[in-house]
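Here's a quick briefing on how this chain is put together. Have a look at the model first, then read on.

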Amino acid sequence: MTKGMKFNDYLAGATNVKLAKLLEGMADGCKVISHMVNNAGLLDVLGSHDTTNVQGEEVQKLDDLTNKILMDYLRSSETCAGYVSEENEHLETINVNGTYTVAADPLDGSSNIEVAAPIGTIFCINERISLKGGDVVEADFLQKGKNAKAAGYFIYGSSTILVLTVGKGVNAFTLNTKDNEFYLSHPHIHIPAKGKIYSINQGNIEKFDDGLKDFLAHCSTVDKESSRPYSLRYIGSMIGDIHRNLLKGGIFIYPANKGETKGKLRLLYECIPMSFVTEQAGGEATDGNERILDLQPTGFHERSAIYIGSKNLVEKVGEFMRGSKAV
Ligand code: AHG
Ligand code: MN
Ligand code: MN
């Protein structure tokens, strides 16, 4: 695999032809989304839809459009059996003869649409358990992250980049705006083992557990040997924050509030895919107690706390959370 190779040539070399077809469909759909996001201010796509989704959140026009685009392209790929998304309350059967299911956040960070900050599309691909020819069932989607066949995200930032794992490391492909094709730009991504960036909505600090507060105090305490204070960077789009930390080293945290067990982010189409990518790049991801990829999902829109990124920081925050560490 050489830098500069076309994504389609990478797929042509894949042994799993059906999965390759599905990924090609995802990539084609996200090229359309990328164009829409890049030109959002010139198209009638900005602003809210005046509706709320199943989770009671305001739906932006682009949330809805990107969801429809993804479904159309997945249908054309012919290998996708079913689809679950942040924007759909129930599962959608795409093709009863398909092999795979897709769980997606069609547009992550949608509150950043209007300010041209990075946003993206997150996806997780599972192999269905139910028999081909019949309906897809809940259990096809509610699989542990460690069983996923592929996962990744398309980030629409200063470049559009597809970051992908099929369980053999992580590669990233940048969209060339001249010919509208993805090319391998970041082969074999490894997250730095020692990160120096922490990303968290610190405005919520009063709601955090004491262990997490202590960890944040640790991050901002001066210590030359461990290069502290670390830098706080928070875009407010998980995809943007995790992508930066993946390349530069760091931790992204969205905790559960004090006394609660679940956070804000969704297990199936946010936490699991980002954790699969991060682990494949040599990092770690937990919900504060357990490895995210070991959790058994119980519902499509279930939420989880997440601590994800470089080993040193995920392990360190774990020590603070267990109360075994002083600042
Ligand atoms: P979405 O736009 O798909 O609803 O996701 C938004 C998420 C995530 O991207 C981000 O990290 C988080 O919400 C930010 O939440 P806060 O504003 O509470 O910090
Ligand atoms: Mn999201
Ligand atoms: Mn979203």
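Domain bounds here come from an automatic or database domain assignment. On that basis the chain splits into domain 1 (7-186) and domain 2 (197-326). This is a predicted model, where local features need pLDDT of at least 70 and side-chain atom pairs count only at pLDDT 80 or more, while totals for chains, interfaces and linings use all residues. Residues are numbered from 1 along each chain as its sequence is written, ligands are numbered from 1 in the order in which they are written, and side-chain values use heavy atoms, with hydrogens and water left out.

- The C-alpha centres of domain 1 and domain 2 sit 24 Å apart.
- Contact (heavy atoms within 4.5 Å) draws in 47 residues from domain 1 and 31 residues from domain 2.
- About 3000 Å² is buried between the two domains, with carbon and sulfur atoms giving 67%; buried area is the accessible area (1.4 Å probe) that two parts lose on being put together, summed over both.

**Salt bridges**
- A salt bridge needs a side-chain nitrogen of Lys or Arg within 4 Å of a carboxyl oxygen of Asp or Glu, and that rule finds two across the interface of domain 1 and domain 2.
- Lys146 forms a salt bridge with Asp294, with the closest N and O atoms 3.3 Å apart.

**Manganese**
- Donors (N, O and S atoms within 2.8 Å of the metal, or 3.2 Å for Na, K and Ca) from the protein to the manganese ion (ligand 3) are Glu86 (OE), Asp105 (OD) and Leu107 (O), at 2.2 to 2.3 Å.
- Asp105 coordinates both the manganese ion (ligand 3) and the manganese ion (ligand 2), which are 3.7 Å apart.
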